[in-house]
Amino acid sequence: MAILVKPDTKILVQGITGSFGARHTQLSIDYGTQVVAGVTPGKGGQSFEHNGKKIPIFDTVAEAAKQTGATVSAIFVPPPFAADAILEAVGAGLELAVAITEGIPVNDMVRVKSAMHGKKTRLIGPNCPGVVTPGTGKDSQGGCRIGISPGYIHKKGNIGVVSRSGTLTYEAVWQLTCRGVGQSTCVGIGGDPVNGTSHLDIIKMFNDDPETTGIIMIGEIGGSAEEDAAEWIKNNCKKPVAGFIAGTTAPPGRRMGHAGAIVSGGKGTAEAKIAAFKDAGIAVASTPSEMADTLLKMMK
Amino acid sequence: MNIHEYQAKQLLAQYGVPVPLGEVADTPEAAKKIAEKIFASGETMVVIKSQIHAGGRGKGTFKSGFKGGVKLSKSADEIYEHAKAMLGQVLVTKQTGPDGRLVSKVLVAGAPQIKKEFYCAALLDRNTSKPIIMVSTEGGVDIEEVAEKHPEKIIKETIDPAVGFYPYQGRKLAIALGLKGDLIAAGAKFFAALYKTFWECDASMVEINPLCIIVGRDGKEVLSAVDAKIGLDDNALYRHANIQAMRDLAEEAPLEIEASKFNLNYIKLDGSIACLVNGAGLAMATMDIIQHFGGEPANFLDVGGGATKDQVTAAFKIILSDPNVKGILVNIFGGIMQCDIIASGIVAAVKETGLKLPLVVRLEGNNVQIGKQILKDSGLPIISGDSMADAAQKVVKAVKV
């Protein structure tokens with residue numbers, strides 16, 4: 001089962017011919033992901049070649065989806081054009097758009113989010129590492145890798161991981177894999193203040209996914225998405241959840257790398273989030289080195 | 001990015017928000033001239049305000065001993081004297097920290113008689129992903145305190161970004177503030193212009209505190225943005241050349257400016273253990289784990305997902321220019337980034353900078369074995385950490401010895 005994507009999910013890549021998009025498309029193909037199309041306006045009819053595979057490039061998302069049956073888009077388009085790219089994926093009626101792009105103006109995302117209301121497409125990101133549902137092969141190959149996560153750190157299994165941060169997700173995933181524990185799906189929801197999918201959205205999916213038996217939720221300072229998720233978990237979640245909040249030592253009023261990671265007006269502090277987690281029965285790892293162990297101890 | 005009050009008022013005025021008559025000066029002579037002009041226009045009181053990116057100016061003290069970064073006066077000569085006391089001096093307020101900030105510009109403006117003070121701001125509401133305008137009858141005071149003690153005194157109006165700000169929303173806010181008669185329409189116009197400034201400048205926050213009812217020269221009551229603060233979305237600066245030009249490098253920490261040249265995200269802190277990490281979340285978590293084991297982080301530093309050898313070398317130089325640093329922790333999860341490239345960068349940087357401080361390196365991920373071998377073969381006294389916890393404990397111990 002897993003959530004959002006399965007090993008046979010067909011993916012198209014918007015921005016496949018840019019160096020960043022091309023590199024990660026190659027890595028996804030090597031991982032065994034079903035990359036079936038690329039989209040670069042003006043390069044329709046050409047193809048993207050890697051390791052003997054020829055992937056057709058289209059001028060539009062709608063055409064790519066129609067011709068190849070792709071249902072999910074990975075978006076690597078540069079920031080000034082990313083909002084347009086996301087809305088093109090929405091307009092084409094895709095099920096899922098995963099926006100990797102970092103640095104999209106906040107107001108662009110405010111507009112995008114408003115325009116997506118009531119549409120069938122779900123957006124993950126932006127400014128996120130993407131989604132991985134590990135496969136059964138060597139180094140978890142044969143799974144679905146969308147985005148920029150290193151494939152080999154994963155292992156097929158039953159733990160769901162959700163986080164705003166890329167490398168902190170890798171840290172949690174790698175801790176699990178090193179202990180022989182696999183993951184159902186790992187989702188990076190992104191570090192921007194306006195994103196398509198929240199911690200809570202993903203937690204609900206993990207809760208409903210029969211394959212997922214435990215969850216690691218990683219949050220950071222800024223906003224109140226972690227508190228919202230904790231509130232729901234307290235009353236509804238059937239599965240053990242372990243968590244970690246980054247930014248206990250972050251000075252207030254400063255943006256810590258991620259556009260959304262800021263304590264402002266006394267809101268969005270790590271302390272408040274940790275307290276909300278504890279109140280909801282979420283086991284909080286006292287250091288980022290203990291994320292996997294904290295969950296595994298709960299599941300014993 | 002933040003801008004000065006005088007710049008914020010220039011932007012607000014462009015979008016039709018009424019602000020007091022005023023200009024910026026960088027010499028006492030210029031300040032005097034502006035004051036004379038304002039008095040000539042009929043104002044009876046002029047204010048001179050130190051321009052720094054920090055609040056609490058009025059109650060601040062200059063290192064010279066001169067009290068008050070904001071002064072009122074009825075004479076242009078006195079404005080000259082105040083300007084002389086402020087310009088070129090360092091102002092310390094509760095927001096600047098003990099180092100204070102150098103005042104190199106003053107805003108000289110009309111100070112009309114204030115009848116009433118309010119608070120208002122335009123910002124993003126992260127819960128709804130929509131802009132809001134927030135007002136309060138408690139103006140001129142610390143709004144965070146109001147929010148905590150009297151949340152009912154803060155009124156919010158959500159704006160649908162697709163259709164923009166409607167006049168009725170402005171009237172609603174004006175009435176919530178207790179405005180009456182002509183001031184209701186004036187308020188609606190004021191809030192519409194405030195929203196326009198926020199939206200079209202790609203601001204992260206426009207704060208007007210206080211928004212005042214003042215007595216105009218004809219004796220009629222009007223609204224005026226007496227103080228203003230604007231923060232801007234860095235991601236959108238590329239489409240606002242006029243705002244980019246407002247950046248004041250003197251207000252930024254020199255090491256942070258240097259870091260931004262190399263696309264490094266660096267924030268200086270007060271501790272003694274420097275860290276160099278890839279990824280913002282991991283960088284924050286690395287600071288946290290240093291503190292967990294009894295150390296204090298000297299900085300936040302995210303070298304990004306695809307750091308090059310040059311970036312790593314630059315990062316080391318920046319870290320080492322902080323005199324408080326007694327030890328360094330490098331924490332790299334080389335997901336896509338190759339650990340061997342990072343390791344070569346570290347070795348080169350250590351050699352180039354002649355590093356004498358203890359250095360703990362934790363590498364994980366792609367080509368980690370080759371990376372570790374490169375560090376070992378270098379013959380440099382690099383301490384290897386196996387996990388984040390192990391590395392953090394080792395660097396804390398090394399610094400304490």
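How many helices and strands does the secondary structure of chain B hold? It comes to 13 helices and 19 strands. Helices (H or I, at least four residues) and strands (E, at least two) are DSSP runs, numbered from the N terminus.

This is a predicted model, in which local features need pLDDT of at least 70, side-chain atom pairs count only at pLDDT 80 or more, and totals for chains, interfaces and linings use all residues. Residues are numbered from 1 along each chain as its sequence is written, chains are lettered from A and ligands numbered from 1 in the order in which they are written, and side-chain values use heavy atoms, leaving out hydrogens and water.

**View 1. Chain A as a whole.** Chain A has 9 helices and 14 strands. Its C-alpha atoms fill a box of roughly 55 × 45 × 30 Å, taken along the principal axes. For 300 residues, a compact globule would have a radius of gyration near 19 Å; chain A has 18 Å, which agrees. That radius is taken over C-alpha atoms, and the globule rule is 2.2 Å times the number of residues to the power 0.38. Buried residues make up 62% of chain A. Buried means under 20% relative accessible area (1.4 Å probe, protein chains only).

**View 2. Helix α1 of chain A.** This helix covers residues 19-31. At 1.5 Å a residue, its 13 residues should span 18 Å, and its end C-alpha atoms are 18 Å apart, which agrees. The expected span is 1.5 Å times one less than the number of residues. Buried residues of α1(A) include Ala22(A), His24(A) and Ile29(A). The buried residues of α1(A) pack against strands of chain A, among them β1 (10-14), β2 (34-39) and β4 (53-58). Gly32(A) follows α1(A), and its phi is positive, near 100°.

**View 3. Leu329 of chain B.** Leu329(B) lies in strand β17 (residues 327-334). Is Leu329(B) buried or exposed? Leu329(B) counts as buried because its relative accessibility is 1%. Leaving out residues up to four places away in sequence, Leu329(B) touches residues including Ile273(B), Cys275(B), Thr286(B) and Val360(B). Contact means heavy atoms within 4.5 Å. Leu329(B) and Thr286(B) are 43 residues apart in sequence and 8.7 Å apart in space, C-alpha to C-alpha.

**View 4. Chain B as a whole.** The C-alpha atoms of chain B fill a box of roughly 80 × 50 × 40 Å, taken along the principal axes. Of its 401 residues, 52% count as buried. Among contacts in chain B between residues at least 6 apart in sequence, 68% join residues at least 24 apart.

Terms used:
Buried means under 20% relative accessible area, exposed over 50%, partly exposed in between (1.4 Å probe, protein chains only).
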